[in-house]
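Here are a few notes to read with the model open beside you. Take them one at a time and find each spot as you go.

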Amino acid sequence: MSKSSVSRVVNGETTVTPQIREVVMRAVRELGCVPNAAARNLVTRRTNAVAVVVSDDPLFSTVVRAVSRELEAAGKQVVLMLAESDGSRARVEAYVAGGHVDGVMLVALRGTDPLPAALARTGLPMASFNRTSVPGVPYAGPDNAGGAALAVRHLLERGRRRIAAITGPLDLFEARERLEGYREALRETGRRSIVALGDFTRASGAEAMRQLLEDAPELDAVFASNDLMAIGALRTLRQAGRRVPEDVAVVGFDDIEAAAYTAPALTSVRSPMADRAIATVHLLLGLIEGGPREPVVIPNELVVREST
């Protein structure tokens, strides 16, 4: 039997017959051989590691836990890298370009962030938890525009007529798409948009809600582009003496765990972070094996609770 046949068996390749595989593995067991991981990586040109690159995602722990579990189940080592400054971005780019990982998963990078384009130039498989500005980078995410329209139509069906929106940072595709879905649903009924800008945090939702109450005190509903901002909006409405949902109905997006425990419980467009993270991992693992680059759309569902 040739050395190349033994090498192919030990390195997990499938281009050998079952008979040869059985002979080699019996010898490995009898001799007590332990494959050398570094040597195997040299032969296969695989590191069995995946870089998870995170910027400023407020739901960091939920996403990273789901990603880590899924990658570890697939036999991959997780290399968590934070990209929050120019220096950290440069270190991420150098590490990835150095061949230390088989692929890259991006989480919550801004649309203006230069890092995705820099990483794409390395030629490594890359998938994103959010849509990026780099053409050809596949991602897994919800139907943002469709989900926002679903929320607004629900409010219209509840008899609301002056529906405002709190949008996320507009350099993110998902924020722009959710804003467009909100506007499209209002255009269908000839109603005008009332918009305040947030940044996907509770504090920005609270401040945006204060602005909306000053600019459009007659509003009777609010669609927030994520649940954190919706929770901030609920706080401001309570402080302003506005009853929810009697005076102002509120809908969020993502259906995070906290949405069910607000007072009142928050109606939200369900797009589970863990499901999105797992779908992105599967997309990336497929790319590493030469699979398709098509984006994955996670179906939306409106979870109706007490806030509407």
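Which residue just after helix 10 takes a positive phi? That is Gly241, with a phi of about 80 degrees.

Keep in mind that this is a predicted model, where local features need pLDDT of at least 70, side-chain atom pairs count only at pLDDT 80 or more, and totals for chains, interfaces and linings use all residues. Residues are numbered from 1 along each chain as its sequence is written, and side-chain values use heavy atoms, leaving out hydrogens and water.

1. Start with helix 10, residues 227-239. (Helices are DSSP runs of H or I with at least four residues, strands are E runs of at least two, and both are numbered from the N terminus.) Its 13 residues should span 18 Å at 1.5 Å a residue, and the end C-alpha atoms sit 19 Å apart, which agrees. The expected span is 1.5 Å times one less than the number of residues.

2. Helix 10 is mostly covered, with 10 of its 13 residues buried; buried means under 20% relative accessible area, with a 1.4 Å probe and protein chains only. Among them are Leu228, Met229 and Ile231. The buried residues pack against helix 9 (202-215) and several strands, including strand 6 (163-167) and strand 8 (221-224).

3. Now look at Thr308, in the segment after strand 12 (301-303). Is Thr308 buried or exposed? Its relative accessible area is 11%, so Thr308 counts as buried. Leaving aside neighbours within four places in sequence, Thr308 is in contact (heavy atoms within 4.5 Å) with residues including His154, Pro245 and Val250.

How values were computed
Buried means under 20% relative accessible area, exposed over 50%, partly exposed in between (1.4 Å probe, protein chains only).
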